[in-house]
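Okay, everyone, thanks for coming. Let me put the structure up on the screen, and then we'll walk through it together.

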Amino acid sequence: MSLAISIRNIKKTLGNQEILKGISFNVELGDIFGYLGPNGAGKTTTIRILLGLFQADSGKLEILGQDIKLSETRRKIGFVLDADGLYDNMTAEENMEYYARIYGLFKASKRISQLLDMVELGNRAKDRVNTYSKGMRQRLALARAMVHDPEILVLDEPTSGVDPSGQIEIRQIMINMAHKKNKTIFLSSHNLDEVQRICNRIALIDRGEIKLYGELESLRQGMSKRTVIIETAQIIPESLLTELKELSHLGLQEIRNNSIVLSPQQGTEISDIISILTGRGVKIEEASKKEASLEEMYSAILKETESS
Amino acid sequence: MREIILITINSIKNNLKSKALTIGFLCVTVMIAVGLNLFFCILLINPAMKTSTPDRTQLEIYLNLIMYTTCLICLGINLNVFAFQSMTREKTRGNIESLMATPLSVKNIWIAKSLAVFIPGMVLGEVLTFAALLAVNYIYFVPRIGFVYTYWMGLSSFLAAPIIYLCLSFLVHLIGLTGKTANGNIIVQIFLPIILTLMINLIIRNILNAASWPLTLANFGIAFVIIIIVIFLQLRITREKIVLSR
């Protein structure tokens, strides 16, 4: 896979504060990349470096193998920033035309109307932007980001402040852009549910350091392996529980009425646990690996950071 | 150049689409310009025309004083109103940051934003100055001594005064974009009364001959000083500085 974005050991200090402490990650072509982190973690600074608004103190950034300082590279990126940058006194169509011209597209009316239709603003194209809701503005900002048909979209919290139905619409537009238009999306978001739903790769930044990075599914699987829940048909007798506690490789964590939660050591499979229990006469109704949600992963990583 | 023209046209459109502000600006500027013209006519031209043989040189000086102050006032009020308003609005709403993330050069954005504020003020200033030239001539001079006009008057009112404000617009936008917008606005607010008072005093006291080259030269001198400051300060303009000043 070729790289859309490659960030190597980027450092950035603003004033006396070191905002980015040598971050590294890659975004591959076709990825929907979720960039997560609490407020003040360094997400917006990373985006500003990606868009060439800030210059990194050290490290290397490549966009499609090129330097972001080049005007040619900037043409390959579309963006939605936290402040949408739309002109309130102008209509949606005028806003789009302006950006089309900036990118050197002087006959783009067909493309503009297609994009406005895509974000379901075709019927409001001639209305001034100051009459739009927050969700409509964000959709227009997304359409504007696509006006020059960029290969990469950098989106800074595009659903922030938007109502749930608006969030669903924006999410669907992002999915369409990635899957139907083959765009690489770099999505910075606070919305863990949204990232979990649409991103295939994530990076979690906290206090200027990347704490977690990789394919979302493998990260989830990696964390899920640690917890196994066994539902039983009857209450497990006290004597058996004592015995289970002594088997340290099972890692008994929690005992409920008809279920036990285990954190087995590596090499101990669910089948091993089931045979131990059935061998002692326990009837098992269900055995499952607990799926680690992104929220749990996020909280666990941040807690680890805080405690260290 | 294409970039500058594109941003300038778009910014002018956007600035003028704030109807209340534009109408307010037009009304206030026209009222002040007309008031000032009347004031100078009553105070200077009327008495000068009551003499049996009016002194043409003196009338040229008075007429240029009227034209010059009319142009300066239009340009000053325009910069006062639109520079602060457009910079504050565009910085807080992320318009500038979005533009800087495109392939546009940051210096072109700055130049275009400065021109976008300056040009409407210049057009209004030139129109009102020309109107003042015609009105004073046809009301007072043409019936008795003929049309009063010298090339120096044209240069100082139609060219030198706008050039001062063009340079000032560059300076104000430079300061406003890279620092706090209010800092740029303070310069505009202070500049207009100072330059007006200074020039009116120098002209009335016959220290600067408004009908000849000294006034024009003085104006070009002021513009030169401002542009030197701009050339020095523009070295500091970066995307990062502008984003951080938001």
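So here's a question to start: how many salt bridges does the rule find across the interface of chain A and chain B? The count is four. Keep in mind, by the way, that this is a predicted model.

Let's stay at that interface for a bit. Chain A puts 32 residues into the contact, and chain B puts in 27. The area buried between the two chains is about 2,600 Å², and carbon and sulfur atoms give 54% of that. There are also 13 residue pairs in polar contact between chain A and chain B. On the chain A side, the elements that give two or more residues are strand E1, helix H2 and helix H3. H3(A) gives the largest share, five residues. If you sort that side of chain A by class, you get 15 nonpolar, six polar and 11 charged residues.

Now, the salt bridges themselves. Side chains of opposite charge can pair when their charged atoms come close. Take Glu94(A), which sits in helix H3 of chain A. Its side chain meets that of Lys17(B) in a salt bridge, 2.8 Å from N to O. The side chain of Glu94(A) also reaches the backbone nitrogen of Thr91(A), at 2.9 Å. And Glu94(A) is partly exposed, at 27% relative accessible area.

Another pair to look at is Asp88(A) and Arg93(B), whose side chains meet at 3.1 Å, N to O. Asp88(A) is in the loop between strand E5 and H3 of chain A, while Arg93(B) is in the loop between helix H3 and H4 of chain B, so this pair joins two chains. Are these two buried or exposed? Asp88(A) is buried, at 13%, and Arg93(B) counts as partly exposed, at 34%.

One more residue for this part: Pro103(B), in the loop between helix H4 and helix H5 of chain B. What does Pro103(B) touch, leaving out residues up to four places away in sequence? On chain A, we get Ser71(A), Arg74(A), Arg75(A) and Tyr103(A), and on chain B there's Glu3(B). Pro103(B) counts as buried, with 10% relative accessibility.

Glu243(A) is in H9 and Arg280(A) is in the loop between H10 and E13, so the pair ties together parts that are 37 residues apart in sequence. Both ends are partly exposed, Glu243(A) at 31% and Arg280(A) at 39%.

Last stop, Thr46(A), in helix H1 of chain A. Thr46(A) is buried, with a relative accessible area of 1%. Its contacts include Ile7(A), Phe25(A) and Ile205(A).

Key:
Residues numbered from 1 in each chain as written. Chains lettered and ligands numbered in written order. Predicted model: local features only at pLDDT ≥ 70, side-chain atom pairs only at ≥ 80, totals over all residues. Heavy atoms only, no water. Contact = heavy atoms within 4.5 Å. Buried area = accessible area lost by both parts, 1.4 Å probe. Polar contact = N/O pair within 3.5 Å; in protein donor to acceptor, adjacent residues only side chain to side chain. Helix = DSSP H or I, 4+ residues; strand = E, 2+ residues; numbered from the N terminus. Nonpolar A, V, L, I, M, F, W, Y, C, P; charged D, E, K, R; others polar. Buried < 20%, exposed > 50% of the residue type's maximum accessible area, 1.4 Å probe, protein only.
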